Amino acid sequence: MNISLNWLKKYIDAELDPERTADILTNTGLEVESKKIYEPDRFGLEELIIGEILTCEKHPDADKLWVTTVNTGSGKPLRIVCGAPNTAAGCKVLVARPGSKIKVEGESVEIKKTRIRGQESEGMICAEDEAGLGTSHEGIMILEDSAVPGTPAIEYFEVKRDYIFEIGLTPNRIDAASHIGVARDLAAFLGQANPVTLKRPSVEGFKTDNNENFIDVEIENRSACPRYSALTISGIKTGPSPQWLQNLLRATGHKPVNNIVDLTNFVMLETGQPLHAFNADKIEGKKVVVRNLPAGTPFVTLDNEKLSLSDEDLMICDTRKGMCIAGVYGGIETGIDGETCNIFLESAHFNPVSVRKTAKRYGLSTDASFRFERGADPNITVYALKRTAMLIKEIAGGNISSDVVDVYPETIPNAIVRLTYTNLYRLVGEKIDPFLIKKILQSLEIIIRSESETGVLLEIPAYRTDVTREADVIEEFLRIYGYNRVPVSESVSSTISYAQKPDREKIFNTVANMLSSKGFYEIMTNSITRSSNYSGQSVFPEDHLARLLNPLSADLDSLRQTLIFGGLETVAYNVNRKNSDLMLYEFGNVYRYNNKKGKRGTLDNYREKECLSLLLSGRNHRDLWNEAGREFDFFDLKGYVEVVLGRIVNEKSVFKAEEAENELFSECLRYSAGNRQIAWCGRISNPLLKMFDIQQDVLAAEISWSDLIKIEGKHSVTYSEIPKYPEVSRDLAMMLDRNVKFEQIKEIAFRTEKKLLKSITLFDVYEGEKIEKRKKSYAVNFILQDPEKTLTDSQIDKAMELLAKAFEKEVGARIRR
């Protein structure tokens, strides 16, 4: 979620410093993951001026070129050849005159007079990317009709520096998925010291011009659509948005489309309420029906994608056809284009579960579905509708040609919560002035219905779906009051506790440290996985999966039955990034549903246990000067499994190892203790490797940690992160004096390149007749890696050049290039 600082300032009457604003947002629960400066590229804009295309004719010798004359405000109109498909007479455009410099694919290019297919061209009409205003190159940039030819582009666009905060919005904080929502938290925090008012745009000036284009609304599926508000606007003029609007949208990562679509996006980003505009002339029967269509009904989206609908998809329909997937995606038939004159504007509230299931069904993720899935505000639909209508009327003209239709059969009630001051004091850890408590809660738009000496009765806004209990209200108060203000006691209390022997944490740490010391990396994979991995499996059958009722996606719809699949995904991820020699282990829980015990849904049907997985792939070590690396084999894995088992239970006779069949492995060994199966290990089968797109052998083992520690105790989990970015390997061959030792080379290398150099290995030494006497040849491998980004060729070459010069200078090496 991108938030613009300049945009926030429109709603708060207070000085907002970028650094302090980022700290406040993070401390109040809206973590700022990154902060960046947004400013259109002045390099391009300073060289451009506004022009008007006077004439536009087909190029006589090229089908896709146009010959235009462009008025640039002074002197003779320029003759410019242009290939953009949207070139047309009367358009206001950005022009680069001869001598101007623009950026093309990041490089500075000077515009010159030239001849294109025999026609003289005295400049260039620019696209969005060439002006430094975006990335689009689909056509030339069309400006508003009010643009004046000859105006410098940098003046026209009113270029201003802005700060963009990327907020890691948690699912429960959809109330902050808008600039007003974020401003509400800022105002509440700042208002503790000085009065700060949240300024919402007023809609008091809204009025209906006539009722000539009234379109009726009917809701058939009221559970999926609790509220539907709408109106019509007639006589609009669709075109480019004003620059202030385009600048705000671009700053937050949204591409301007046209004034109608841009304004619906603007109000959504302002208020958090998604809206949708339909071409009113294409709504048949003058009626909108919110309902489900039969399964298999064809539908074409705005981006021309053809879908076959499910009967569970909620649709916005007219009397004949589906026009829009409710809360997810619009349809192409009723979309807004340059010819649209009359629109039907929708502002509705849809059931989060219905929207989420539909969006995941088709793999669609839109700004609207993001908000509806998490629970948009049902009480803001009319306000957002009026706000959008007033902006459309101001910018695109037209008349509001119908009364507001607001179908809201059953009002969604606000939660009522009683807050007791003593409970707040107990959870916060100190006594706080009740006046400050009420002030903070009211600043968060929580209504105080009644109060007493002991507490208050509160009405929670419907958009705060996660605030339903007294503890939730206290948490809301505390995040604004400030967690850092909670006093920390200076006294230390302790109790004597008895821990059963053996110490489960000690055992766990012992095994984890042992594996890490042997070169293993600990991994932690997602316990939610895709059910398709288990299709056709007999060891881990698909009907034994513990499935999620409302999965985030088809790839995350079940709880895992084994750690091995997650480990194989990690192997594939690393191998694809040229980290192919792997030793991995993971502690984690696995889950199994037993459908033979009784009715599905009872806890007795489910089993959870902790496991330990080991994975080996690639070579056991890199090539050394006196020993070549070799591929891991079955006996390497067998040895590590037995080391783990032996570390827990010293008596080897406890465990019995025997060959076994397991469809996950091409060769397999099973360990058991009495009648209890403890571990599997073996070479992963080729079909399984193919399923995960792994092109090298993988050896894997899974140990039932829960069963193992029943013998010697229980353990917990720690982990260390694997580097995210790939390492790079480079070799140098050098001629050296015979008395130069490799330790000297190693010391020089790490002293010269402290940041990027991770390891250095001598893999070949030659002394013989083919080189000078008292000389020797070293072949040395260097591993380079930047923990913060992927290395570029230029960085790698620079580092290797520094190393080569250091060796030449300090030990007289001759580098063999």
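# Chat over a predicted 817-residue chain

Modeller: Among contacts (heavy atoms within 4.5 Å) in the chain between residues at least 6 apart in sequence, 70% join residues at least 24 apart. This is a predicted model, where local features need pLDDT of at least 70 and side-chain atom pairs count only at pLDDT 80 or more, while totals for chains, interfaces and linings use all residues. Residues are numbered from 1 along each chain as its sequence is written, and side-chain values use heavy atoms, with hydrogens and water left out.

Biologist: How many helices and strands does the chain have?

Modeller: There are 20 helices and 41 strands. Those are DSSP runs numbered from the N terminus, with helices being H or I of at least four residues and strands being E of at least two. The C-alpha trace spans about 90 × 80 × 60 Å along its principal axes.

Biologist: And what share of the residues is buried?

Modeller: Buried residues make up 49% of the 817. Buried means under 20% relative accessible area, exposed means over 50%, and partly exposed is in between, using a 1.4 Å probe and protein chains only.

Biologist: Let's talk sheets. What's the strand order in the open sheet of seven?

Modeller: The order is S28-S32-S33-S37-S36-S35-S34, with mixed pairing. Two strands pair if DSSP finds at least two bridges between them.

Biologist: Which strands stand at the edges?

Modeller: S28 (521-522) and S34 (656-659) do, and each has a single partner strand, so one side of each is left without a neighbour in the sheet.

Biologist: How does S28 join S32?

Modeller: Through two bridges, with the strands running parallel. Glu522 has Tyr585 in S32 as its bridge partner.

Biologist: Which helix packs on that sheet?

Modeller: H15 (residues 564-575) does, touching S32, S33, S35, S36 and S37, and its direction makes about 145° with that of S32. H14 (residues 504-517) lies across S32 and S33, running at about 140° to S32. Those angles run from 0 to 180 degrees between N-to-C directions, with axes being lines fitted to C-alpha atoms, for helices over the stretch in contact.

Biologist: Switching to aromatics. How many pairs are there?

Modeller: The count comes to 16 aromatic pairs. Rings of Phe, Tyr and Trp (its six-membered ring) pair if their centres lie within 6.5 Å; planes under 30 degrees apart count as stacked, over 60 as edge-to-face and the rest as tilted. One of them is Trp244 with Phe266: their ring centres are 5.6 Å apart and their planes at 85°, so the pair is edge-to-face. Trp244 is in H6 and Phe266 in H7, 22 residues apart.

Biologist: Is Phe266 buried or exposed?

Modeller: Phe266 is buried, with a relative accessible area of 3%. Trp244, at 38% relative accessibility, counts as partly exposed.

Biologist: What about Phe520 and Tyr640?

Modeller: That pair is edge-to-face, with 4.8 Å centre to centre and 90° between the planes. Phe520 sits in the loop between H14 and S28, and Tyr640 is in H16 (residues 634-648), 120 residues apart. Both Phe520 and Tyr640 are buried.

Biologist: Where does Leu385 lie?

Modeller: Leu385 lies in H10 (residues 381-396) and is buried, with a relative accessible area of 0%. Leaving out residues up to four places away in sequence, Leu385 touches Ser229, Ala230, Leu231, Leu275, Leu345, Glu346, Ser347 and Val404. The C-alpha atoms of Leu385 and Pro274 are separated by 9.7 Å, though these residues are 111 apart along the chain.
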